[in-house]
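Biologist: Could you put the model up and walk me through a few parts of it?

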Amino acid sequence: MKPPNDMARVVRNASIQTNGAVNERVLQKIQDAYANSAGATVEGRAGGRRAVVAGRLTRWAVAALLVLAVGALVAHLARPLGSTVAWAEVAQQFRSVPFFQAAIYFRESAIAEPRQMELWWSRDGRARIRFGRQVVFARDGRILRTYDIQTHQPVEPDEPVAAFLGKIAQTREFSLETIINLMFGGKARDVTPLVNPDAAISQDLVVFDVDLPGTPEWVRIWALRESRLPVRIRMWNPVDGAATDAVFEYAQGQPDAFFDPDAFADLLGRQSDSSRVNIAYAFLQDPGGRNITPEEMFQQSGYHMPTIRQAGMTEEGAFWVLAGRSRNQMPNGNVFYGFARAQDDLDRTYVRVTGGHRRQDDTSLDVFVPLDYPFDQRHPARIVLICETRETEPREPAELIGTVDLTQWEPNAPRPELWPGGSHDDVTLKIILAQKLRGPEHTGRLTRLLETIPSWTTQPQRPQTLLFWMDMARQRKDFQEAVRIGTVLTPLLLAQPQNQSRHAFNGHVVALAATGRRAEAAALFARLKDIDELTPKRSDERYYGTYQEILARALSDEAKLAVDQISEILGFDISAPGKYPWAAEQAVLAQRSRSWEQHLAELARHYQTHPLPEPMEIRAHTGTENYVLARNEMPGIPGYRVSLLRTELTNYALYYHQRPELAGRIRLEGDTDTTKLNHDLVFKSDTPELQRWTFVLNHFGCEVVEVREPRRIWVVHYDGRALKPYHQVRAPRPPDGQPRPGPGVAVGWGRFSLATLFQSFNNVQNRHRDARGLLILDETGIKSVPDTPGADASVAVSAELPNWEGEEAPALARQWFQEQFGITFTEETRTLTTYVVRVRHR
């Protein structure tokens with residue numbers, strides 16, 4: 001840093017006057033701030049001296065604080081030339097601002113990506129910050145709580161935010177005086193500030209330049225002359241292009257919920273949509289009444305039905321519809337267009353095979369074909385078009401918006417195109433339909449349809465045909481055929497790389513690897529990597545990373561490669577930090593699954609020469625390898641299954657059963673047996689689970705006795721309400737960030753039935769091996785969706801599994817089951833069967 005006598009230039013250009021006296025604390029505090037954030041000094045290429053930042057995070061925080069302090073500076077600087085403004089008036093004017101928000105951008109060099117911090121500050125000291133994926137709540141600079149927008153979990157705040165708020169915490173009052181006292185300190189000297197009239201283009205703006213000490217950096221401030229409030233601040237370093245920009249907005253304030261971390265946590269615990277915008281800006285209200293989030297847009301507009309402009313049916317039986325006002329947006333931000341499904345009076349199932357949306361006039365085109373297209377030539381008299389929501393997660397239930405009945409359309413009408421040069425001909429429709437006909441129920445239909453699609457050898461210049469037959473070869477694991485197709489397809493695609501996706505080459509790479517030609521697969525991937533015209537581009541870290549993960553997964557699942565073999569093809573260790581540990585984990589799991597499949601095959605070979613058990617037997621398992629038990633049927637041995645027993649005997653007695661009626665009704669007597677099981681249970685598929693459980697325990701020297709005894713139970717009552725979609729049901733309390741979640745906090749995520757919820761409650765309430773705790777007894781036969789044909793208690797009703805540990809858990813469970821499902825409980829004492837397991841030493 002420059003010595004104090006070198007700071008005169010700064011004081012001349014940036015000072016704060018109080019009733020004619022200049023506060024020299026401006027000088028000293030700026031000097032202190034840079035002394036704390038900068039290291040040694042070096043010569044810049046332009047000859048200027050600049051600070052080498054030892055801790056960029058600290059400097060970022062200082063810059064952000066300087067933005068706040070400039071509010072005090074501008075209140076003085078923005079007075080009209082030749083006029084005087086008493087400091088008391090300025091301070092009082094600033095105190096009258098109840099709330100402000102600032103978007104602060106910082107970059108470390110001219111070519112660095114900028115980072116953004118959004119700050120909302122209330123005069124009573126409440127603050128909220130959005131920095132990257134984090135939302136931070138604070139009061140008087142003290143951090144109350146920090147959440148991750150993506151994971152919904154409490155986290156530690158990023159260092160720049162912590163440093164920024166740590167300095168704010170040094171003051172207790174939101175005013176100009178406290179901000180100035182925070183940032184500056186020193187003695188008063190008489191100096192006139194420097195106005196830069198050349199930088200202003202309007203009389204209602206005043207622009208000031210301020211030099212910073214010990215560095216070529218400078219600050220420019222744009223302020224409204226009349227209100228004396230800053231609207232923009234820029235800090236610039238001419239040596240490396242490092243810059244900080246801040247844009248200010250002022251309003252009366254935000255609702256209390258906006259600054260309330262408890263309200264935000266409750267929202268996170270119950271938020272089921274995928275919109276990070278809804279989370280990042282939850283409870284934020286625009287002072288001008290504009291929409292901030294997709295949820296607000298939906299509340300304002302809701303859904304609407306598309307307007308049909310034209311409809312017709314082709315000669316081969318493809319039905320198409322052209323519609324206006326086709327764009328709809330869901331509360332979570334997802335957008336969908338046109339119609340999702342079609343039905344007719346012939347009870348045929350239609351498949352949507354193609355479509356599109358033209359943004360300039362909000363027009364959609366949807367094309368539907370019956371499952372037996374093009375063979376079913378019947379002509380319906382009525383077609384119903386169905387508009388419904390479309391989730392990115394296919395398991396999410398769709399919400400019906402409306403239907404349109406059509407009895408008139410253009411017969412034998414060629415399908416229109418949304419754009420000139422459309423290429424969706426009849427062959428394309430057949431290819432898309434064939435790709436959708438998956439599953440054994442469509443085997444005959446698919447075989448017949450494939451006969452109508454030209455082979456790849458007859459259309460070697462048509463990439464779509466080649467890609468389709470490549471996909472079919474991969475499905476039937478004919479990788480030699482896939483290699484032959486790839487040999488023709490790859491040069492065809494590379495002839496026009498600017499129009500191609502990298503994913504189109506995955507089949508060729510995988511087929512080469514699957515046929516043992518890994519070196520050729522690696523060479524092809526390396527060649528593709530160097531072609532910049534392909535999409536996604538390598539510079540697009542997000543989508544290029546996704547592409548590599550998809551390829552790595554295919555090399556594992558289809559080519560059966562291990563992690564090191566996949567890494568060899570891709571040219572880097574996929575398990576290394578910062579790479580693709582998810583893909584590496586999937587490859588490991590796939591290898592474990594293949595190992596289990598090999599074990600099942602070995603057992604099958606054994607039983608080809610040995611008698612099958614009646615009804616079951618236990619065999620010692622010689623290996624210790626970790627498996628993924630994808631299935632338990634032995635190949636070629638119908639009617640038999642295998643369970644791997646690998647746990648302590650006591651744990652098996654308590655937990656290795658899945659019958660809900662046994663939950664909380666197993667008592668262990670005698671000493672704990674820590675015998676470790678590593679065995680295969682081979683059994684007939686129709687053997688009852690309770691019988692298998694008893695058989696295993698008896699085999700290892702345990703006795704199972706059924707005892708009738710009184711138990712305290714909750715009898716279930718149900719008010720018959722229609723239940724919510726499962727993904728809208730969350731645990732009663734949001735995540736608490738604890739290693740062992742508290743009562744009511746989710747301990748499982750997925751799809752949980754009522755039977756599973758009751759079973760979990762019973763197990764937890766009877767965790768101490770004595771089977772004397774509380775039990776839920778369901779005698780209602782509740783359906784997940786009342787009056788729905790085929791619905792049963794196994795259908796999911798909740799996306800989270802709550803923790804029911806602790807003294808307050810029963811009362812919390814009562815409230816949650818009633819609010820979410822209309823379920824209440826009556827407490828009784830009944831005589832029930834308890835299964836007493838006596839563990840004996842062998």
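Predicted model: local features only at pLDDT ≥ 70, side-chain atom pairs only at ≥ 80, totals over all residues.

Modeller: Residues are numbered from 1 along each chain as its sequence is written, and side-chain values use heavy atoms, with hydrogens and water left out.

Biologist: How many helices and strands does the chain have?

Modeller: The chain has 22 helices and 31 strands, taken as DSSP runs numbered from the N terminus (helices H or I, at least four residues; strands E, at least two).

Biologist: Where does Q254 lie?

Modeller: Q254 sits in the loop that runs between β13 (243-251) and α7 (261-270).

Biologist: And is Q254 buried or exposed?

Modeller: Q254 counts as buried because its relative accessibility is 10%, where buried means under 20% relative accessible area, exposed over 50% and partly exposed in between (1.4 Å probe, protein chains only).

Biologist: What does Q254 touch?

Modeller: Leaving out residues up to four places away in sequence, Q254 touches F99, F259, F283, L284 and Q285, with contact meaning heavy atoms within 4.5 Å. A polar atom of the Q254 side chain also lies 2.8 Å from the backbone oxygen of Q285.

Biologist: Changing topic, which residues are buried in α20?

Modeller: In helix α20 (residues 689-699), the buried ones are R692, W693, V696 and L697. They line one face of the helix, because seen down the axis of α20 they fall within an arc of 130 degrees, taken from the directions from the helix axis to the C-beta atoms.

Biologist: What follows α20?

Modeller: G701 follows α20, and its phi is positive, near 85 degrees.

Notes. Polar contact = N/O pair within 3.5 Å; in protein donor to acceptor, adjacent residues only side chain to side chain.
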